[in-house]
Amino acid sequence: FYGTSSLASVTFTSGSLLQSIGNYAFQQSGLTSIAIPASVTSVGEYAFASCASLTHVIIFCDTTATIAPDAFQSSPGLTSITMPTTVTFMYTGTAISVTRSDSCFPTPQPTALPGGSTAPPTAVPRPTFAPGAPTALPTFVPAPTFAPGTPTAVPTVAPGMPNAPPTAHQPGCTDVVAGDVVIPASQTSIADGAFNGCSALTSITFASGSLLQSIGSGAFYQSGLTSIVIPASVTSVGSGAFYGTSSLASVTFTSGSLLESIGSYAFQQSGLTSIAIPASVTTIGDYAFNGASSLASVSFASGSLLQSIGSYAFQQSGLTSIAIPASVTTIGDYAFNGASSLASVSFASGSLLQSIGSYAFQSSGLTSIEIPASVTTIGYYSFSSASSLANVSFASGSLLQSIGSYAFQSSGL
């Protein structure tokens, strides 16, 4: 529905099973309001961007969607959104006020009619929220409970979170967790949002013989961590786990790491200066290192099994060079977009790369590149505005089938 400027209304039938709203789906449409069905699990990039008349978005209580940060970009009439804490929306802008509340829009239920059919639900009125309701950044589930007597224990319900019980004093995380925290060896997971916003937390130590397997979504979101050594037993780093940790300069994975995936937004806007990715990692999620402006170096362990680099993964990062493992088959859209210091990209011998996404290296600092023989598609605008790009070559035996529109527009060629 891109560019449907006369489209003022879209209604989803009660009981809708819609699962995803794609990238650019309603961009530049004439929508004035939209109620997103509770069944939706993802809202894509720029889905409702530049909708000049859009003033109202309804997100129902039991929605668990992941909404792209730029889904509502440049929609000037939309100044606020209320959504449940179950929705992931890593929005960092200031144009829209995001209120997190469990006092939200109930999902409409169909009304039974004779014969078993159902009628559309009655419109649900916009609720009134309590003054001072929490706003802005994503809030995650309560922190974990540690073994009794552990000096680093935090409350079962994290103070300051929307669902915390009322008390005479609602402390922030800094009142509870500060300095160094020691995680017992028996701990197998760090729950979603466990140390969310703990700005006084500077380091985490894992006891010898740690059995930790997973670090949850938003676990250290905007915490004060400066460094962390992640145990070899960890297999996954969740979405937004270290998002916005501007003081986090060093992340080390213990030798023999079993890590398989780095989640979306995991280290977005972190203070990392370099990182060595274990050989066992197969996926780097969307936005994983996006906006990590101090990140100058990323290396991959010998024998890397990495298969995909997600969309926006290193967009506007500080990378100066990168050697991409032979196992990588896809480089996502905008993966290195705006990485102005990125002068060199090389592909390991025997590269299996098949596609370079749209805008992947747009406005990067590349000076030259050799495209592997296995590549079949180069997306639109993929190297556009790479003003220093003076040389592009294709490996012998190239299988290239398509070069997208404006792929090298305004490059240095």
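The largest nonpolar core of this predicted model contains 67 residues. Within that core, Phe220, Phe242, Phe289, Phe314, Ile331, Phe336 and Phe361 touch the most other members. Strand β13, residues 201–206, gives the most to the core, with 3 residues. A second, separate core has 27 residues, including Val40, Ala65, Ile67 and Val98.

Phenylalanine 242 shows what such packing involves. Setting aside residues up to four places away in sequence, phenylalanine 242 touches Ile215, Phe220, Leu225, Ile228, Ile230, Val237, Leu248, Ala266, Phe267, Gln268 and Ser270. Phe242 also belongs to an aromatic cluster, formed together with Phe195, Phe220, Phe267, Phe289, Phe314, Phe336, Phe361, Phe383 and Phe408.

Attention now turns to pairs of rings. The count of aromatic pairs comes to 23. Tyrosine 312 and tyrosine 334 form a stacked pair, with 4.6 Å from centre to centre and 5 degrees between the planes. This pair links distant parts of the chain, 22 residues apart: tyrosine 312 is in the loop between β22 (308–309) and β23 (321–324), and tyrosine 334 is in the loop between β24 (330–331) and β25 (344–347). Both tyrosine 312 and tyrosine 334 are buried.

Tyrosine 359 and tyrosine 380 form an edge-to-face pair, because their ring planes stand at 85 degrees, with the centres 5.6 Å apart. Tyrosine 359 lies in the loop between β26 (355–356) and β27 (368–371), and tyrosine 380 in the loop between β28 (377–378) and β29 (391–394), so the pair ties together parts that are 21 residues apart in sequence. Tyrosine 359 has a relative accessible area of 16% and is therefore buried, whereas tyrosine 380, at 38% relative accessibility, counts as partly exposed.

How values were computed. Residues are numbered from 1 along each chain as its sequence is written. This is a predicted model: local features need pLDDT of at least 70, side-chain atom pairs count only at pLDDT 80 or more; totals for chains, interfaces and linings use all residues. Side-chain values use heavy atoms; hydrogens and water are left out. A nonpolar core is a set of buried Ala, Val, Leu, Ile, Met, Phe, Trp, Tyr and Cys residues joined through side-chain atoms within 4.5 Å. Buried means under 20% relative accessible area, exposed over 50%, partly exposed in between (1.4 Å probe, protein chains only). Helices (H or I, at least four residues) and strands (E, at least two) are DSSP runs, numbered from the N terminus. Contact means heavy atoms within 4.5 Å. Rings of Phe, Tyr and Trp (its six-membered ring) pair if their centres lie within 6.5 Å; planes under 30 degrees apart count as stacked, over 60 as edge-to-face and the rest as tilted.
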